[in-house]
Amino acid sequence: MDSDPVMFALFCEAIGKDSLDTAACIMTSMFTATNVSRHGTAEQRERYLEPFLRGEAKFSISISEPQSGSDAAGASSTARLDGDEWVINGNKVWCSGAHLPDTCIAMMLRTGEGRYDFSVLLVPNDTPGLEIQKMDTLVRRSLGTNSLFMYDVRLPKSALLGEINKGWQYIGEHLDFERLSIASSQVGNAQTALDDTARYLSERTAFGKKLAEFQVLKHRMAEDRARLSAAYYLVYAAASAMARGEKASALVAQAKLISSQTLFDIAFNGMQALGGYAQLPEYDMERYFREAKHGMIARGTNEILRSIIAKSMGL
Ligand SMILES: Cc1cc2nc3c(=O)[nH]c(=O)nc-3n(C[C@H](O)[C@H](O)[C@H](O)COP(=O)(O)OP(=O)(O)OC[C@H]3O[C@@H](n4cnc5c(N)ncnc54)[C@H](O)[C@@H]3O)c2cc1C
């Protein structure tokens, strides 16, 4: 679609207002679709993008392995050419959405000896030799996430996306977009968590008055409001810099770092403000709280983001 990063952030923020997990259902597929659009052959674009745009096909992205998460270049699952076919072996983990029908997995696989010699292969999830096991997790309960086991999985040569050993570059290309999408969906979700808390404080009575009349609770809400505004403007400053074509990786890292901490603190305070009721699923606050924790890990942990920001400061 002909839209810029600001429009993209608005879109993610809007979906994130209801659910970060629902936002992930859409965003996860979008990044691989972008890669196929940029680097795919005409045949791959026709096979995957047309059904994707009709809502009939989905993508998952598989980088992480049991022994390599933040250090993604430590991945060891391999793809090697055997005549006209690729043969894949190894074990991936945390592949969100991979088990769902009509899903194609964009798998980052080692195709050379150098540290960054990876290629991306497009692997339909019903390929023989690929075993998918659903993982039981604190978050991602609607999209779901999976372990993948590859035993001599055979694919035609045409499964390669773009060029051999360019996979690291392709995956890296969309990282700023992916982090912006998480940051903007987090500020959307934080707004809902704050609104839900304010509504509860205005309705619930204790000691003969509304909870919202206790100054200690009002001040906590005011503090959260101010911090959410700061996170919001940082997210849109990052989106605007990207829209102007500036190199914005450090600003996007700041936006994701601050928005994840802000959402976590607002959901944490919401859990306290709603008392025991916060722990009932029908009040939603426990879901915001669980999913907020994941935001500090997904696509660059907060420690990795701090390293990116420090590097931009010459440290
Ligand atoms: C629900 C869920 C869904 C996911 N979906 C996907 C997916 O669809 N596709 C995919 O490929 N991956 C996915 N992931 C994986 C996710 O990207 C990784 O969990 C994340 O990158 C962190 O890797 P790790 O869990 O191996 O932690 P590790 O990298 O082992 O890190 C453990 C701790 O050490 C810290 N640490 C590591 N290195 C440093 C450093 N240099 N300096 C300071 N601290 C450091 C980390 O910040 C963290 O706190 C998903 C994860 C989860 C939980």
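This is a predicted model: local features need pLDDT of at least 70, side-chain atom pairs count only at pLDDT 80 or more; totals for chains, interfaces and linings use all residues.
**Exercise 1.** Work out which residues come nearest the ligand, and where the ligand lies relative to domain 1 and domain 2.

Solution. 

1. Start with the residues around the ligand: there are 21, and Gly 69, Ser 70, Trp 94, Thr 301 and Glu 303 come nearest.
2. Sort the shell by residue type. It has 10 polar, 8 nonpolar and 3 charged residues.
3. H9 gives the most, with 3 residues.
4. Assign the shell to domains. Residues come from both domain 1 (40-164) and domain 2 (174-312), so the ligand lies between the two domains.

**Exercise 2.** Determine how helix H7 and helix H8 pack, and which residues make the contact.

Solution. 

1. Take the two helices, H7 at residues 249-273 and H8 at residues 285-295; their axes are 8 Å apart and the packing angle is about 150°.
2. Classify the angle. Angles over 145 degrees count as roughly antiparallel, so H7 is roughly antiparallel to H8.
3. List the contact residues. H7 contributes Ser 260, Leu 263, Phe 264, Ala 267, Phe 268, Gly 270 and Met 271. From H8 come Met 285, Tyr 288, Phe 289, Ala 292, Lys 293 and Gly 295.
4. Sort the residues of this contact by type: 9 are nonpolar, 3 polar and 1 charged.

How values were computed:
Residues are numbered from 1 along each chain as its sequence is written. A residue is near a molecule or strand if its C-beta atom, placed from the backbone, lies within 6 Å of it. Helices (H or I, at least four residues) and strands (E, at least two) are DSSP runs, numbered from the N terminus. Ala, Val, Leu, Ile, Met, Phe, Trp, Tyr, Cys and Pro count as nonpolar, Asp, Glu, Lys and Arg as charged, and the others, Gly among them, as polar. Domain bounds come from an automatic or database domain assignment. Axes are lines fitted to C-alpha atoms, for helices over the stretch in contact, and angles run from 0 to 180 degrees between N-to-C directions. Angles under 35 degrees count as roughly parallel, over 145 as roughly antiparallel, 65 to 115 as roughly perpendicular and the rest as oblique. Two residues are in contact if their C-beta atoms, placed from the backbone, lie within 7 Å.
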